[in-house]
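Trainee: Please take a close look at one part of this chain for me: the charged side chains. Start with the pairs they form, then follow them wherever they lead.

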Amino acid sequence: ITTHIQCRGGLYPRSNIKRFPVPDDKVSWSSEYKEYQPHNHTASSIHGQPWADPNIGDPGFKPQWNKVDGNVSRISYMGQYNIVNGYPQNPIGRTGIIGRGVLGRWGPNHAADPVVTRWKRLENGEVEKDQFNNKPILQCVVVKRRDTGDWALPGGMVDPGEKLSATAIREFQEEAMNSLELGEDEKLALNERFGKFFQEGDEVFKGYIDDRRNTDNAWMESIAYNFHDDNGSTVGALKLNAGDDAVGVRWVDITPDLQLYASHKDIVMVVFNKRLSNFYQ
Ligand code: RP5
Ligand code: MG
Ligand code: MG
């Protein structure tokens, strides 16, 4: 249940709806919780959006749970999820809210996250070492989310039919390079410069994301790729530029006290440990 903290606390995002309290020992669906009476909330803003499902029970909506459904994956990285009275059930447990809140899909909502890294360097180009443990300092790119103000990986939702690694790269370019505002020539130039860099992504995580938008019937899952600029000459030397739903962007040192949105810290630490062990090989 360390993966189920953000999505139990406080008000539901973009609403004044309070989550029904779910104590630690009541998260699991297998523990009985007779008093459990969560609010049913689906934001009106998502109805009719091209990226959102219709309501369950609407004639013509025949979701293929636990399957690839047309060009939308309804498969969970967490294994088969249950369907209870027609509604998919959060594989981790109770969240204190039913419905799908602000999420477009019932069941898993798939995202992809890029973890773009470089070594921190001194002015003379040498890799900077941590003054306490003498380990090299790894940095990654984070963006400030417009919706919550938290620093986060520059990830985003997988478009229907999109290759997962392509989502991670596209979102990095939109949120950390402001590609949506670039002209065609500028985009071509960027592709020249960084095309090869983004070909070599390393899958470092896939699973449930402890996101504040999660509900009992809809939740975030993500796959994360690490793109690493070992000598700092490509993306490591790029001037970052926040775009789309990011209002800030920066390189941050990966340290144990780093605080990031949702489960992003866990993902970043996986990358940190991997890169550090490679460094000494
Ligand atoms: C997180 O929300 C994912 O890990 C990803 O970073 C992000 C996707 O949602 P948006 O950034 O598109 O809101 O759960
Ligand atoms: Mg985005
Ligand atoms: Mg995003």
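Mentor: Start at Asp24, which makes a salt bridge with Arg8; the closest N and O atoms are 3.0 Å apart. Keep in mind that this is a predicted model. Now place the two partners. Asp24 and Arg8 each sit in the segment before β1 (39–42), yet they are 16 residues apart, so the pair links distant parts of the chain. Arg8 has a relative accessibility of 12%, so it counts as buried.

Next, go to Asp53. Its salt bridge with Arg74 brings the closest N and O atoms to 3.0 Å. Find the two loops. Asp53 is in the loop between β1 and β2 (68–69), while Arg74 is in the loop between β3 (72–73) and β4 (83–84). The pair therefore ties together parts of the chain that are 21 residues apart in sequence. Asp53 and Arg74 are both buried.

Stay on Asp53, as there is another partner to see. The side chains of Asp53 and Arg105 also meet in a salt bridge, at 2.7 Å from N to O. Arg105 lies in the loop between β6 (97–101) and β7, and Asp53 in the loop between β1 and β2, so this pair ties together parts that are 52 residues apart in sequence. Arg105 is buried, as is Asp53.

Some charged residues form a network. Asp159, Glu162, Arg170, Glu171 and Glu174 are joined into one by salt bridges that share partners. Over the structure, the count of salt bridges comes to 18.

Glu171 leads us on to the metals. Together with Glu175, Glu171 coordinates the magnesium ion that is ligand 2, through OE atoms at 2.0 to 2.3 Å. Where do these two residues sit? Glu171 and Glu175 are four residues apart in helix α1, so about one helical turn separates them. Glu171 and Glu175 are both buried.

Now hold on to Glu175. It bridges two magnesium ions, ligand 2 and ligand 3, which lie 3.4 Å apart. The magnesium ion that is ligand 3 is coordinated by an OE atom of Glu175 and the O atom of Gly155, at 2.2 to 2.3 Å. Gly155 is in the loop between β9 (151–152) and β10 (156–157), and Glu175 is in helix α1 (residues 164–176), so this pair ties together parts that are 20 residues apart in sequence. Check how hidden each one is. Gly155 has 11% relative accessibility, so it counts as buried. Glu175 has 6%, so it counts as buried too.

Charged groups can also sit over rings here. The charged end of Arg250 sits over the ring of Trp151, 4.4 Å from the ring centre. The charged end of Lys26 does this over the ring of Tyr33, at 5.8 Å from its centre.

Those rings bring us to the aromatic pairs. A search of the whole structure finds 10 of them. One is the pair of Phe197 and Phe198, which is edge-to-face: the centres are 5.1 Å apart and the planes are at 80°. Phe197, at 12% relative accessibility, counts as buried. Phe198 has a relative accessible area of 6% and is buried as well. Compare Tyr225 and Phe227. Their ring centres lie 6.5 Å apart with the planes at 35°, so that pair is tilted. Tyr225 and Phe227 are both buried.

Finish with the nonpolar residues. In soluble globular proteins, nonpolar side chains tend to be buried together. The largest nonpolar core here has 27 residues. Among those with the most contacts inside it are Val115, Leu138, Cys140, Ile254 and Val268. Two or more residues come from each of β7 (107–119), β8 (138–145), β12 (218–229) and α3 (264–279). The most come from α3, which gives six. Look at Val268 in detail. Leaving out residues up to four places away in sequence, Val268 touches Val115, Cys140, Leu153, Ile254, Leu258 and Leu260. There is also a second, separate core of 22 residues, and it includes Phe194, Ile223, Phe227 and Ala246.

Methods. Residues numbered from 1 in each chain as written. Chains lettered and ligands numbered in written order. Predicted model: local features only at pLDDT ≥ 70, side-chain atom pairs only at ≥ 80, totals over all residues. Heavy atoms only, no water. Donors = N, O, S within 2.8 Å, 3.2 Å for Na, K, Ca; no water. Buried < 20%, exposed > 50% of the residue type's maximum accessible area, 1.4 Å probe, protein only. Core = buried A, V, L, I, M, F, W, Y, C linked by side-chain atoms within 4.5 Å. Contact = heavy atoms within 4.5 Å. Salt bridge = Lys/Arg side-chain N within 4 Å of Asp/Glu carboxyl O. Phe/Tyr/Trp six-rings, centres within 6.5 Å; stacked < 30°, edge-to-face > 60°. Lys NZ or Arg CZ within 6 Å of the ring centre and 35° of its normal.
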